[in-house]
Amino acid sequence: MKALLPAALAMSLGFAALSSCDFGIYELFGRPNDVITRAASLTEVAAPSVANTQRYTFAIITDPHFGMSSVYYFPESEFFNSVTEASADKPEFLLVLGDVTNTGVKAEYQDFADFAQRFTEACGIPYYAVAGNHDLYNDGWTTWAQTVNPGTSFYRFALGRRSFYFLDTGNGTLGDPQLEKLSAEMNADANRKLVFTHYPLFGGISFSYFKLTNSRERKALIDLFNANSVDMYFAGHWHDGAFYDYSCFKEEVLSAFYATKSRPGRWFFATVDEGSHTLSLKTYAVESASGGTAVSTQEFSLKN
Amino acid sequence: MKKTPVLLGFALLLSLYPAMAEDLPALMGTRLSLSSGMETGVGMGRKPYGLFEAGYDAKKWTVQLGASLDAISANYSANLYFEPIQTRFFTLGLRSFNHFCQYLSSGYETDISGYLSLGLQAGRARRPLRCRLDLGVNQKQSGYEASGQIDSFTEYYPSFSFLARQSLTERGQVYFACSSFDDYYVPLFLAPIFSVGADYRVRSELRLGAKVSVRYSDMATLTAHADGLKLQIFADFFPSAIKKPKKA
């Protein structure tokens, strides 16, 4: 019995320490509202209004991690200005590829909601988001579904003859039910496709971390994209960004929105031109409040 | 009172009676295993699979080859343990693990791993607790079909395996395992597989057992999701343990 007391004390202290962790580590073996619950069905959402479905531009940011904005530089004004001051190819909607919060608590969701409101007021365009792993900490999904547009992380809309698919990979996996529904929907959809989610597939990163963890699921997705006219797969999660060309489609892992001492904060404008079959990706990078904005452009070919 | 479970239990005891009376030779030499089971989970349905393994256990080394077949892939694995340092309480050695997965549609995966293997033994000599920790690195090469041809990419990541076995009787043991892979499924870092199982040596040359495994998604980012449950029953056959009749 004497040995049990220190053991029980140590376990209690350990549990208390883990419970107080910001990320809710006591949910290590399962969090509420897992991907099976969240992605029970693919939701058709109303598409954003664009002037011309043959050529349009949208902005993308990923991993803003609201809650860390006091630690890192957050280039909000530079981003807003780039949207409002764009003379040609002005973005007509914004996509946010997950981790809108750092620990999933309500205060951080409120910070994101305030940011989204300021963005809508300044730029006058809607936004759409997917959930990232950080958004799920501390039962964050409940607040996500109430706060973040469009309230689901597994959905689709179409612009002309192109479908935009948004996948829920917040748990590091799609899970079999979501994968099966996605397969059925893509197989029945004749449109060209772009896919957006939080976790990379591979991204050309040789160290196997920050990716979907089930290699069979990854293989199934590559097969599915190969067979269903997917042009590009956009992800976040890996804050430095990466790129991989699978021959049959391309994977663009986008760099995080906030800036650190070693990495600028980035956001992106993607212009789809269905006439010339190209996707032009313009990257904006800001290192600090006093630094300027660097802009670079890549062009990718889309399938006919 | 239902009679069927009682009768089944009685029949099992009767079948074990001859085994209980005999001396148990050590489990060395050739080993053949047959296993069957299914993978399931919420919304997954039931996915049956079967596997066959052949191994050879010597004092300081073990080799094991196996093949499994499931609904989407055929998998082959090879394990080699070499434990040159063995004392009463611990062992130190090396392990190599190779896995090849051929998808039934198209594409493949290969895994080549090397490990440093540490074994510890505690408790009473007849009912010891044995633990083994393998720490190493895995290289995964994934081949996929792209525009009518097979392309591939390569990844490297840490890999581990922990196994604790507790003998309950001379014939029976229970075990717990936590591993970043199993012999026929190698996920990416860090999606661990937790297993509990038990086996019983019903005859000197025959061991029966069952195992339950839970497969998790990304545990490294603390958003793990139990995305699969694997149920497995198996029979291990040890031909070298068959007693030869005494000469007159």
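Strands S3 (residues 94-96) and S4 of chain A run parallel and are joined by 3 bridges. The model is predicted.

These strands belong to an open, mixed sheet of 6 strands in chain A, ordered S4-S3-S2-S11-S12-S13. Its edges are S4 (127-129) and S13 (293-301) of chain A, each pairing on one side only. From one strand to the next, the twist averages 20 degrees. Helix H3 (residues 76-84) of chain A packs on this sheet. H3 touches S2 (55-61), S3, S11 (265-273), S12 (278-286) and S13 of chain A, and its direction makes about 20 degrees with that of S11(A).

The whole structure holds 55 aromatic pairs over all chains. Two of them are set out here.

| Pair | Geometry | Centre to centre | Angle between planes |
|---|---|---|---|
| Phe112(A) and Tyr127(A) | edge-to-face | 5.6 Å | 80 degrees |
| Phe207(A) and Phe189(B) | tilted | 6.2 Å | 50 degrees |

Phe112(A) lies in helix H4 (residues 106-123) and Tyr127(A) in strand S4, so their pair ties together parts of chain A that are 15 residues apart in sequence. Both Phe112(A) and Tyr127(A) are buried. They also belong to one aromatic cluster, whose members include Phe115(A), Phe119(A), Trp267(A) and Tyr284(A).

The pair of Phe207(A) and Phe189(B) crosses between chains. Phe207(A) sits in the loop between S7 (192-196) and H7 (215-227) of chain A, Phe189(B) in the loop between S9 (172-179) and S10 (193-203) of chain B. Phe207(A) is partly exposed, at 38% relative accessible area. Phe189(B) is buried, at 19%.

Chain B also places charges over rings. Arg95(B) lies over the face of Tyr115(B), 5.5 Å from the ring centre. The charged end of Arg165(B) sits over Tyr175(B), 4.8 Å from the centre of its ring.

Terms used:
Residues are numbered from 1 along each chain as its sequence is written. Chains are lettered from A and ligands numbered from 1 in the order in which they are written. This is a predicted model: local features need pLDDT of at least 70, side-chain atom pairs count only at pLDDT 80 or more; totals for chains, interfaces and linings use all residues. Side-chain values use heavy atoms; hydrogens and water are left out. Two strands pair if DSSP finds at least two bridges between them. Helices (H or I, at least four residues) and strands (E, at least two) are DSSP runs, numbered from the N terminus. Axes are lines fitted to C-alpha atoms, for helices over the stretch in contact, and angles run from 0 to 180 degrees between N-to-C directions. Contact means heavy atoms within 4.5 Å. Rings of Phe, Tyr and Trp (its six-membered ring) pair if their centres lie within 6.5 Å; planes under 30 degrees apart count as stacked, over 60 as edge-to-face and the rest as tilted. Buried means under 20% relative accessible area, exposed over 50%, partly exposed in between (1.4 Å probe, protein chains only). A charge sits over a ring if NZ of Lys or CZ of Arg is within 6 Å of the ring centre and within 35 degrees of the ring normal.
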